Amino acid sequence: MMIGYARVSSLDQNLGRQKKLLKEYGCKHVVEEKVSGAKRDRSELNKLLNTLRFKDVLVVTELSRLARSLQDLLTILNELREKNVDFVSIKENIDTRKDDIYGKLMLHIMGAIAEFERDLIKQRQREGIAIAKQKGKYKGRPIQYHDAARGKDKLIYDTIISLLKQEVSVMDIHRKTGVSRSTIYRIKRRIK
């Protein structure tokens, strides 16, 4: 059976284009996931890899939907090979059902290029941030929990302040509110 895997990096992105391409390619079932590909621990992908059987075919629209690093891609492909599961990437025209050494070479090259491209983007981002910091224009991510916050953020901030004043431990506040410990420590430093 051909099974598609569609993934986008964030909740506000749309899977429609990928699902359409996978259905047109012949996938009977499409597994959807909205999570960053940089993380190897993707619950839907892990479930899919565990359920694939002999002679199934895993289909993606492009390699970057499956893996963001060459090592991750090779690990997944080795898992598939051990289960005798084939792999197809539509965009890169890679199909392991064909015993083609050129297809295998292309798979490795495309995986390396995808990883290289991602590293380039990260490097450019770091350079842009450094330049913005030098010009005094980089402020970082806005602070979410503060005394002038509104709505839910203000309620959480007030709860954190109240618990800190009661000398509740940072770990317990983290467990109760779900706010990261570093944010709670930042608030604690500010109120002292």
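Helices and strands here are DSSP runs, numbered from the N terminus; a helix has at least four residues and a strand at least two. N84 is found in the loop between α4 (70–82) and β4 (86–89). The model is a predicted one.

Start with N84. Its phi is near 60°, a positive value in a residue other than glycine. N84 is partly exposed, with a relative accessible area of 41%. E167 also deserves a look. This residue is not a glycine, yet its phi is positive, at about 60°. E167 sits in the loop between α6 (151–165) and α7 (170–177). With a relative accessible area of 71%, E167 is exposed.

| Residue | Relative accessible area | Class |
|---|---|---|
| N84 | 41% | partly exposed |
| E167 | 71% | exposed |
| T183 | 17% | buried |
| V8 | 5% | buried |

The cut-off explains the labels: buried means under 20% relative accessible area, exposed means over 50%, and partly exposed lies in between.

How many residues of strand β1 (residues 2–8) are buried? Seven of the seven are, so the strand is largely enclosed by the rest of the structure. In a regular strand, side chains alternate between the two faces of the sheet. In β1, M2, G4, A6 and V8 point one way. I3, Y5 and R7 point the other way. Residues on both sides are buried.

Strand β1 has two parallel partners to follow here. With strand β3 (residues 57–60), β1 is joined by three bridges, and the two run parallel. M2 has V57 as its bridge partner in β3. With strand β2 (residues 29–34), β1 pairs in the parallel sense over six bridges. R7 has E33 as its bridge partner in β2. How does the chain get from β1 to β2, and what is the hand of this crossover? The path goes through helix α1 (residues 16–25), and this β-α-β crossover is right-handed.

V8 lies in strand β1 too. Take R65 next: V8 and R65 are 57 residues apart in sequence, but 7.2 Å apart in space, C-alpha to C-alpha. R65 is also one of the residues V8 touches, with residues up to four places away in sequence not counted. Others that V8 touches include Q13, N14, L15 and E33.

**The nonpolar cores**

In soluble globular proteins, nonpolar side chains tend to be buried together. Here the largest nonpolar core has 20 residues. Those with the most contacts inside this core are Y5, L52, L58, L66, L80 and F87. Which elements give two or more residues to this core? They are β1, α2 (43–51), β3, α3 (63–66) and α4. The largest share, four residues, comes from α4.

Y5 shows how such a residue is surrounded. Leaving aside neighbours within four places in sequence, Y5 is in contact with residues including L22, V31, L45, L48, L58 and L66. Its contacts also include Q18, E33, R42 and R65.

T183 lies in helix α8 (residues 181–191). Is T183 buried or exposed? T183 is buried, because its relative accessible area is 17%. A polar contact of 2.9 Å joins the side chains of T183 and S180.

Methods. Residues numbered from 1 in each chain as written. Predicted model: local features only at pLDDT ≥ 70, side-chain atom pairs only at ≥ 80, totals over all residues. Heavy atoms only, no water. Buried < 20%, exposed > 50% of the residue type's maximum accessible area, 1.4 Å probe, protein only. Pairing = 2+ DSSP bridges. Right-handed = clockwise from strand over helix to strand, strands pointing away. Core = buried A, V, L, I, M, F, W, Y, C linked by side-chain atoms within 4.5 Å. Contact = heavy atoms within 4.5 Å. Polar contact = N/O pair within 3.5 Å; in protein donor to acceptor, adjacent residues only side chain to side chain.
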